[in-house]
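Visitor: I would like to go through the packing in this model, one point at a time.
Guide: Here it is.

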Amino acid sequence: MQWENLTATAFAEAVRETGVCVIAMGVLEKHSEHLPLGTDFLNAHKIACLAAEKEPAVVFPPFYFGQIYEARCFPGAVTLRPTLLLDVIQGVFDEIGRNGFEKIIVFNGHGGNIHLLQFLNQCALWEEKPYQVYLPLGLTPERQAQWRAIVETDYHGHACECETSISLANHPELVHMECVPAEPALPLNRLAHLPATHTGIWWYANHPDHYAGDARVATREKGLALRQLQIDNLAEYIAAVKTDQVVPALSREFFARSRQL
Ligand SMILES: [Zn+2]
């Protein structure tokens, strides 16, 4: 069920029936020369909607604010000041909670959001909330093996064989296969002179054209198979979150103890 498509009365019923809201998170950023700026949130939202058809949940409207400062040198990126970004995402979670959902699943469609979302999840221990946030961390090992059996290329990451194939499955009219670069994009390793290091410029150092992988072999058929793995994985995850009583109980215990200090 898509939040924006429900009437207020049907929405209230869906909150009672499911108790779970899925928010698919992506960003607006360049995706090489052949995919649209909204690729991450378009794909994540589509997959969330299809998963919620298998295992009922309410899917939040497409959300496209996230960590994507590394795309600010390309046209079309939309970024928010870091503290504002944290406030916006936290405020959206609070509104989902205020509407009665006790469980929020964050289905992340953008690799650059991982650290941000894990940090926000740790922030849940700062202040007690009437809801819990769950962040799925990828496919089961079995589905990862199935994924590897479908794809032909070894290096992936951005506008690659996988992402392009899934885009062909979800919204083929937005994919421009004729614009796929003639050469694959492998990491340039421009920080190789340093010991193992993280700096903000690490992604740009490897991928100055905002492309990582080889989209030339992408097909809609592969995309439908890859997408199905994600849909099945997320549907299973929604079911597991619905029945989970441990995270809410431990959270209540944690805050009760912190009040007794
Ligand atoms: Zn992407």
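Guide: A residue is called buried if 20 or more other C-beta atoms lie within 10 Å of its own. The model is predicted.

Visitor: What does α8 pack against with its buried residues?
Guide: The buried residues of α8 include Leu226, Ile231, Leu234, Tyr237 and Val241. Lys222, Arg227 and Gln230 are also buried there. The partners of these buried residues are β1, α2, β3, β4, α5 and α6.

Visitor: How are α6 and α8 placed relative to each other?
Guide: Two packed helices are described by the angle between their axes and the distance between the axes. Here the axes of α6 and α8 lie 7 Å apart, at an angle of about 90°. Angles of 65 to 115 degrees count as roughly perpendicular, so α6 and α8 are roughly perpendicular.

Visitor: How many nonpolar residues does the contact of α6 with α8 have?
Guide: On the α6 side, the contact includes Cys162, Ile166 and Leu168, and on the α8 side Arg220, Leu224 and Leu226. By class, four residues of this contact are polar and three are charged, and the nonpolar ones number six.

Visitor: Which element gives the largest share of the largest nonpolar core?
Guide: That core has 39 residues, and Cys21, Val22, Ala48 and Ile104 have the most contacts inside it. β1, α2, β2, α3, β3 and α8 each supply at least two of its residues. The largest share is seven residues, and it comes from α2.

Technical notes:
Residues are numbered from 1 along each chain as its sequence is written. This is a predicted model: local features need pLDDT of at least 70, side-chain atom pairs count only at pLDDT 80 or more; totals for chains, interfaces and linings use all residues. A nonpolar core is a set of buried Ala, Val, Leu, Ile, Met, Phe, Trp, Tyr and Cys residues joined through C-beta atoms within 7 Å. A residue is buried if 20 or more other C-beta atoms lie within 10 Å of its own, exposed if 12 or fewer, and partly exposed in between; C-beta atoms are placed from the backbone. Helices (H or I, at least four residues) and strands (E, at least two) are DSSP runs, numbered from the N terminus. Two residues are in contact if their C-beta atoms, placed from the backbone, lie within 7 Å. Axes are lines fitted to C-alpha atoms, for helices over the stretch in contact, and angles run from 0 to 180 degrees between N-to-C directions. Angles under 35 degrees count as roughly parallel, over 145 as roughly antiparallel, 65 to 115 as roughly perpendicular and the rest as oblique. Ala, Val, Leu, Ile, Met, Phe, Trp, Tyr, Cys and Pro count as nonpolar, Asp, Glu, Lys and Arg as charged, and the others, Gly among them, as polar.
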